[in-house]
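Welcome, and please take a look at the chain shown here. The report below walks through it step by step.

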Amino acid sequence: MKWWQKCFFDRDDRELLRLVNRVVNIRDEQSRTENLLFDTTLHPHGIKSLASSREMRVAHAVVRLLDSLEAGKVEDRLQALRVLYDEVLNSAQTTFRRNTARVLVQVMKDLVRAHGDERRQLMFAHDFRKAASGRPRVVRKLLDRYHLVEMPEDWSQLTFDHHVHDANTKGRKNPTHLMMDAWLKGIRYLTIIYYNYVEETAVREVMEAAATLGIAVRIGIEFASPFRGRYIHFVWVPRGFSGTEDFLEFLSEPPVQHLMQLGREVSQWQQKHVFAMLDRWNDVHRRAMENELGVRLPRVEPETFRASVGAGQPSLLHLAECIFNGMQPVIRERAAEIRRQWNACTDQQRREELQRQMERLQKLNVATVHETWLTPEANPDMPSPEVPVTGKDVPELLQLSPSMLLDWLAGLRSGYRLTLNLSRLTAVDVLELLWQTQGLITHLELFNLKELFEGKLTHLDEINRLQRALNGGSAPRLKRIIRDMISTLDTDAQQPGEASRRDVLREVLRNIPTLQGFYRAVPLRTRCGTDSTSRSQRSLGMGLIFLETLDARGKQFFERGSGTLRLPLHIDVHHHEIYKPVERTGTAERIIGLLRHIPGLAHLGYERKQEWVSHSSTARIVKEGNICTLGGHLPGISEPQTLTMPEPSDARPPLAYCNSRLTNILKVLAGFIPAICAFQYTQSWWFLAYFGPVIWFMITGVRNIIQLVLAGKGLRHTNLLRWDDFVDWPRLCDSLMYTGFSVLLLELGIRYLLMGQMLGMSAASNPFIMFTVLSAANGLYICSHNIFRGLPRSAAIGNLFRSVLAIPVSMLYDVCLNSLLSVAGVADPAALLNPGAGTISKCASDTVAAWIEGFADRANNHRMRRWDIEGKLRQIFDTYTRLELLFPERDALEMLAHPDRLIKSVRALPSNIDKELIINALDMMHFWLYQPRAQDVLRAIIRDMPDEERIILARSQLVLMREREVSQLFVNGLVGYKFSRALAFYLNRHEEYVKAMMRLCLARRHPRGGRIRTAA
């Protein structure tokens, strides 16, 4: 190891790397840690945190999600997603919770994928550990790196994509992975499109993954229908289901099953063309490309192609990717050879020729293979899949007219959406289809980004004009549009089929009220999607967003030129504020009720929630709309093949990856050195000249430590945490660095130069003005560096009020010190204290900060514990409900009171309720003894519980008294093979904990003061 390598990365980074690589290396083996990672009952802050690090659990879950697409691993992926979501969402200790979770998943994905490159893995490990703190500045930097938009923490943004594909069609990602990536981008509404049919296993995985992540997902099935010499496409989205099982029950109905079977026949018929194109590639196009590139390319065998498709439906896009992946080793070898020749060559003309060869290789990607060799234009002698044909071998579904097809689909379910794809359609086509289908088309896919880049959406203005006229209810306007269409057709009278089309338009013209009636109650709405498959390098990626629904920082992402595309489409969105009353009892509710009569306080005590609602029927084509893509890759961009040699793997990392100990030391020195210089310049008294910086730093350091310890209730030994467990040392070092810079401002700039040298004032002559100016300057400084560090603006603005409160405290300290020095016999205390006015003001400011920030840290601990405990209590009561239903003729409360009988009864049935009861009790025990402020929060929650729920909670903890059964679970791998610490914690503390819970839960409320007293 080189000398400088010791300065980079932490021991914890290397330990994390070791753990992650261990997980990656055993991904195909059965590990005892699987129980730990895939039992979703275990809470991230519960008992399993004593046996395994969060980083290892996150890494294991990410590995499972990035694993193969085999259907047999669906349940593993779903369980891994639940574990991953819980782990990352509970990682951040700040209010920047959701954005931190998104960054953690993205960094861990890169850490796993960089397996084999130790330097890059260490960099990702360092990033992961820094981001896990939840510090806004760190998280925002990583959001920018990964091109992720900062979303509002209340998750109210209006983000969507109504046309994406997963691996069951032509997409690259399995449904769980697709859902995770949608959540990473901040997408809340998603429609996944399947071709011709959908499998029940795919539906189940999609909907369960979406439910875990809180994404509203719909399933759409795309069907083709012949129309005027080509196929047009409709997307059918059945609606109105109560959940996954309701949707699956609908799919199992005989009429739907018949439709799905006909859809499978269509897919099989279309795949014949794909395999015919495979033969054409092997026999013709492969040799042409060999001649062009000067290399020998391998054949693509049908078995290899089928294996690469996996669970999807073979398509030309799959074929292009399989061909490109097969030639990748040859291309890399050729690129390496060109690079070696270029570095060894000195002839300029030869270098230019090599450069051109490298550029040809660089332009080669999946899209160029598809567009150059696999399109109907490149194979004119082969039947085009886009042109309808007739014959006995043509599937029945492809012979249905649009009206017949839509009549069939509409009859299967009353609640549905039928979206018309506008690829290569004109306004005349759309009007004819709307008339033929008698209003069954509910939406127009006005924007499909993939087809937009391919030049297939050339008539959007005319189509949108027709849509707006139809929704606007203006018959004269609609009449003018139809007459213009007829006039245009008259000029093209020689075109085949135009005469019949004119007859249709004239029929529509005579029946405008009928056409308007189709969309009078429910207007013709708009759908937008990216048609993302996660394969194409020319795609902008998945996700669209309404810019109005972002806060200021989120909008800055798009304003600074992030490579995103702003659609020329505007859809009206409305902002709704919802105020939900919070249940309160007693005096608090009466006081709040009286205060609500004061103007401006009508919503006092209500829980505020905001939401945005879009109205897609108002869509209009404009120059610059209000919808933007979330993806930022520009069209046509591919990873370049460079002629220069790559960076060596042992190159020195950026300075941002210095180890934490060195970074903290440098931060403290960066603040301490300016402080020393300032005191040396301003102080003539030796004591303050040499010890002033130490006193200044001690004020900040001691204040931070006391504040954090008291906020976590660390001085009361009711739990197993030590005082230093509450101290955030990186945060402390940041405070010391910024407080060192404040010496230059307050001591040198304000007290010495401004007040002393320029204005001739001192703390002795004008104490109020001196301390007011010092406190105001300190408040502005703290506010500015809080904004710079990315802290919430409310906290930054609060520090301005902190400076106001510090003024009287400063004067009080000044008076007290004057009095003490006078009592001590100092002849002129003012002369002694005048040089220390800046230090006195600093001490007063930190005193006020200790109160304000201490209460904020205390509130943060309460908030975190409430998340933990309320989530676990929901699991406890859900388990109890299942117990009641499992034994309908027995008293479940009585069963909980006798855990030995309960365990025997439950184990006789195929149920894991006994295990869930033990896990829930162990997690609650860990909260009680290891989590800051958990005991205070639990007491407050129990105080407001109904008596029955308190009894359920108390008796559910009695299962911990069964030492043999609980210990056996640990030995069997409940928390992995490193269970000794968790088992010792249980054995040593469970009796103490159970007694405490009995006293807390089995108590009665005092009739007057609301206190809890133990029942007799």
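What follows covers the overall chain, a surface patch, some backbone and strand residues, and salt bridges.

## Ground rules

This is a predicted model, in which local features need pLDDT of at least 70 and side-chain atom pairs count only at pLDDT 80 or more, while totals for chains, interfaces and linings use all residues. Residues are numbered from 1 along each chain as its sequence is written, and side-chain values use heavy atoms, with hydrogens and water left out.

## The chain as a whole

The chain has 38 helices and 13 strands; these are DSSP runs numbered from the N terminus, with helices being H or I of at least four residues and strands being E of at least two. Along its principal axes, the C-alpha trace spans about 115 × 90 × 65 Å. Of the 1016 residues, 52% are buried (buried is under 20% relative accessible area, exposed is over 50%, and partly exposed is in between, with a 1.4 Å probe and protein chains only).

Taking contacts (heavy atoms within 4.5 Å) between residues at least 6 apart in sequence, 77% join residues at least 24 apart. The accessible surface comes to about 47500 Å², and carbon and sulfur atoms hold 54% of that area; areas come from the Shrake-Rupley method with a 1.4 Å probe, and for residues only the protein chains shown count as cover.

## Positive phi and a strand residue

Asn196 has a phi near 70°, a positive value in a residue other than glycine. Its loop runs between strand S2 (189-195) and helix H9 (200-213), and Asn196 is buried at 4% relative accessible area. Asp531 also has a positive phi, near 60°. This residue is in the loop between strand S7 (525-529) and strand S8 (544-546), and Asp531 counts as buried at 7% relative accessibility.

Which residues does Thr419 touch, leaving out those up to four places away in sequence? They are His233, Phe234, Val235, His443, Leu444, Glu445 and Arg527. Thr419 belongs to strand S5 (residues 416-421) and is buried, with a relative accessible area of 7%.

## Salt bridges

A salt bridge puts a side-chain nitrogen of Lys or Arg within 4 Å of a carboxyl oxygen of Asp or Glu, and the count comes to 47. One of them joins Glu205 and Arg77, whose closest N and O atoms are 3.0 Å apart. Glu205 lies in helix H9 and Arg77 in helix H4 (residues 74-89), so this pair ties together parts that are 128 residues apart in sequence. Glu205 is buried at 3% relative accessible area, and Arg77 is buried at 2%.

Arg608 and Glu577 form another salt bridge, with 2.9 Å between the closest N and O atoms. Here Arg608 is in strand S10 (residues 606-621) and Glu577 in strand S9 (residues 569-581), 31 residues apart. Arg608 is partly exposed at 46%, as is Glu577 at 39% relative accessibility. Finally, a network of salt bridges links Glu75, Arg82, Arg204, Glu208 and Glu245.
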